[in-house]
Amino acid sequence: MTDTGYNRAPQPQIVYEATKIVDETPTAHAIDCPCGCNREESACLFDTMPNEELLYDLADLFKVFADTTRIKILYALMECDRCVADIAEIVGTTQSAVSHQLRTLKQARLVKFQRDGKNVIYSLADNHVYTMLAQGMTHICE
């Protein structure tokens, strides 16, 4: 297995708001919004209630984080891309259990994979996953 590390370049944050995409790159006129989104207060993501389908999808996303084994897998992938055997060793469980949890993480679009010969190498899907984990840890450690 090749250790590719977790060296992803920072990207502008994109926020999904109802049914449109909003670029969240701060402007010179941006006012710190009370919710912390760094957008002008009048354009806050939390000004209007999202539709039921988006709220349902968000609840499903957070359900994926409700399993300690899945969190361990995500933390293992924060450091570098890994194969199932390496993840199982780090997490301290069987390869079968890791594969089962990786399926759930793939369906939630939290991890991605690529084939390397007979091996399948897993990585975090994007920087948002890293940010969610880091923010969650910051929140519970305060």
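**Close-up 1. The pairing of strand 3 with strand 5.** In this view, C83 has I121 in strand 5 as its bridge partner. The structure shown here and in the views that follow is a predicted model. Strand 3 and strand 5 run antiparallel and are joined by two bridges. Both strands belong to an open sheet of three strands, in which the order is 3-5-4 and the pairing is antiparallel. Strand 3 (82-83) and strand 4 (111-116) stand at the edges of this sheet with a single partner strand each, so one side of each is left without a neighbour in the sheet.

Close-up 2. The phi of R109 is near 60°, which is a positive value in a residue other than glycine. R109 counts as exposed, because its relative accessibility is 67% and the cut-off for exposed is over 50%.

**Close-up 3. Helix 2 across the sheet and against helix 4.** Helix 2 lies across strand 3, strand 4 and strand 5, and it runs at about 90° to strand 5. Helix 2 also packs with helix 4 at an angle of about 80°, their axes being 10 Å apart. That angle makes helix 2 roughly perpendicular to helix 4. Where the two helices meet, helix 2 brings T69, R70, I73 and L74, while helix 4 brings V98, Q101, L102, T104 and L105.

**Close-up 4. The crossing of helix 3 and helix 4.** The axes of helix 3 and helix 4 come within 9 Å of each other and cross at roughly 105°. These two helices are therefore roughly perpendicular to each other. From helix 3, the residues V84, A85, I87 and A88 meet Q95, V98, S99 and L102 of helix 4. If neighbours within four places in sequence are left aside, I87 is in contact with I73, L77, R82, V98, L102 and Y122.

**Close-up 5. The largest nonpolar core.** The largest nonpolar core has 20 residues, and I73, L74, I87, L102 and L105 are the ones that touch the most other members. Two or more residues of this core come from each of helix 2 (68-79), helix 3 (84-91), helix 4 (95-107), strand 5 (119-124) and helix 5 (127-141). L74, one of the residues with the most core contacts, can be located in relation to Y130, a residue of helix 5. Although 56 residues separate Y130 and L74 in sequence, the two are 8.4 Å apart in space, C-alpha to C-alpha. Y130 itself is partly exposed, with a relative accessible area of 35%.

Close-up 6. V64 is found in helix 1, which covers residues 52-64. With a relative accessible area of 10%, V64 is buried, because buried is defined as under 20%. Not counting residues up to four places away in sequence, V64 touches R70, T104, L105, A108 and L110. For one of these, L105, the C-alpha atom is separated from that of V64 by 7.2 Å, while the two residues are 41 apart along the chain.

**Overview. The setting of the close-ups in the whole protein.** The protein has five helices and five strands, which follow the pattern β-β-α-α-β-α-α-β-β-α when read along the sequence. The protein has 142 residues, of which 27% count as buried. The protein exposes about 9,800 Å², with carbon and sulfur atoms supplying 53% of that area. Among its contacts between residues at least 6 apart in sequence, 50% join residues at least 24 apart.

Conventions
Residues are numbered from 1 along each chain as its sequence is written. This is a predicted model: local features need pLDDT of at least 70, side-chain atom pairs count only at pLDDT 80 or more; totals for chains, interfaces and linings use all residues. Side-chain values use heavy atoms; hydrogens and water are left out. A nonpolar core is a set of buried Ala, Val, Leu, Ile, Met, Phe, Trp, Tyr and Cys residues joined through side-chain atoms within 4.5 Å. Buried means under 20% relative accessible area, exposed over 50%, partly exposed in between (1.4 Å probe, protein chains only). Helices (H or I, at least four residues) and strands (E, at least two) are DSSP runs, numbered from the N terminus. Contact means heavy atoms within 4.5 Å. Accessible areas come from the Shrake-Rupley method with a 1.4 Å probe; for residues, only the protein chains shown count as cover. Two strands pair if DSSP finds at least two bridges between them. Axes are lines fitted to C-alpha atoms, for helices over the stretch in contact, and angles run from 0 to 180 degrees between N-to-C directions. Angles under 35 degrees count as roughly parallel, over 145 as roughly antiparallel, 65 to 115 as roughly perpendicular and the rest as oblique.
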